[in-house]
Amino acid sequence: MKIMVTVKRVIDYAVKIRVKPDKTGVVTQNVKMSMNPFCEIALEEALRIRESGLASEVVAVSMGPSQCVDTLRTGLAMGADRGIHVEANDSMYPLFVAKILKKLVEIEKPGLLILGKQAIDDDCNQTGQMVAGLLNWPQGTFASKVVLDKEKQVATVDREVDDGIETLCLNLPAVITTDLRLNQPRYATLPNIMKAKSKPIKKFTPKELNVDIKPDLEIVEVTEPPKRKSGVLVFSVDELIEKLKHEANVI
């Protein structure tokens, strides 16, 4: 079985986000970029499934500008067998990504598609659900545990919901999106980083895949959230109640 995994290039989680002066977006030039943390978890899970003997190949997919190749190389250094880069300089909204993934699935025919549940740049949490709908595949979102049964061709997925843990049984092929508690991603070792340089990366464009990525959304303005007022230190319960009553007006 082949597993396809998406890996997105995003601003590193430790970087302080700055809004552009013209308020059209956030500053990305000369800013450290890295793989989306949820995508790292998705890739780690795919590698563990392959290492357990339940899959034969892991294919990493990234979409965006030419710099996405660096993110793919990181995925290959972690252990993915090969990469696919769909080069596009336009904004990649979830529906565009889902349509492109559908086309790639038709070409590659994986038995399992694993995505991070969301990206930390837009927090959309939509792509996995959309591609499952387009493919008409069963989906297990927010997975905190994944168990495959190769003989029965099913995947058992534990997912975190408000009431606790929900367990789903999905017929393969299926779409799974990963939550934070699924695993701890590995670090790429130096020998694997060197090996990754020789692993193949196939390139496509949206046009070659017959996907129109003309945007149907317009960003009107991007602004920073209002700055929070500094806190106040109180020395007694009575003083706290007094401030809550007369200053905060919450009781």
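Trainee: Which residues line the largest cavity?
Mentor: The model is predicted: local features need pLDDT of at least 70, side-chain atom pairs count only at pLDDT 80 or more, and totals for chains, interfaces and linings use all residues. Residues are numbered from 1 along each chain as its sequence is written, and side-chain values use heavy atoms, with hydrogens and water left out. On a 1 Å grid over the protein atoms alone, a cavity is a set of points where a 1.4 Å probe fits but cannot get out, and lining residues have an atom within 4 Å of a point. For the largest cavity these residues are Ile-11, Val-15, Lys-16, Ile-17, Arg-18, Val-27 and Val-31.

Trainee: How much space lies in the largest cavity?
Mentor: The structure holds one cavity of 30 Å³ or more. Grid points are joined across faces, edges and corners, and a volume is the space filled by probe spheres set on the points. By that count the space in the largest cavity is about 30 Å³.

Trainee: How many charged residues are in the lining of the largest cavity?
Mentor: Ala, Val, Leu, Ile, Met, Phe, Trp, Tyr, Cys and Pro count as nonpolar, Asp, Glu, Lys and Arg as charged, and the others, Gly among them, as polar. The lining has five nonpolar and no polar residues. The charged residues number two.

Trainee: Is Arg-18 buried, partly exposed or exposed?
Mentor: Arg-18 lies in the loop between strand E2 (9-11) and E3, where strands (E, at least two residues) and helices (H or I, at least four) are DSSP runs numbered from the N terminus. Leaving aside neighbours within four places in sequence, Arg-18 is in contact (heavy atoms within 4.5 Å) with Val-26, Val-27 and Val-31. Buried means under 20% relative accessible area and exposed over 50%, with partly exposed in between (1.4 Å probe, protein chains only). Because its relative accessibility is 44%, Arg-18 counts as partly exposed.

Trainee: How far apart in space are Arg-18 and Glu-224, C-alpha to C-alpha?
Mentor: In sequence, 206 residues separate Arg-18 and Glu-224. In space, the C-alpha to C-alpha distance between them is 8.0 Å.

Trainee: And Asn-36, which is also in a loop: is it buried or exposed?
Mentor: Asn-36 sits between strand E3 (33-35) and H1. Not counting residues up to four places away in sequence, Asn-36 touches Lys-8, Val-10, Gln-118, Ala-119 and Ile-120. Since its relative accessibility is 1%, Asn-36 counts as buried.

Trainee: How many residues of H2 are buried?
Mentor: The buried residues of H2 are Cys-68, Val-69, Thr-71, Leu-72, Gly-75, Leu-76, Ala-77 and Met-78. Because of this H2 is largely enclosed by the rest of the structure, and the count, out of eleven residues, is eight.

Trainee: Which element supplies the largest share of the lining of the largest pocket?
Mentor: A pocket is an open set of grid points with protein on both sides within 12 Å along at least five of seven lines. The largest pocket has about 1500 Å³ of space, and 50 residues line it, of which Lys-8, Arg-9, Met-92, Asp-121 and Asp-122 lie nearest its centre. By class, the lining has 24 nonpolar, 18 polar and eight charged residues. The largest share, four residues, comes from E4.

Trainee: What is the volume of the second largest pocket?
Mentor: Its lining has 17 residues, with Tyr-13, Glu-40, Pro-185, Arg-186 and Tyr-187 nearest the centre. H1 gives the most to this lining, with three residues. The volume of the second largest pocket is about 490 Å³.
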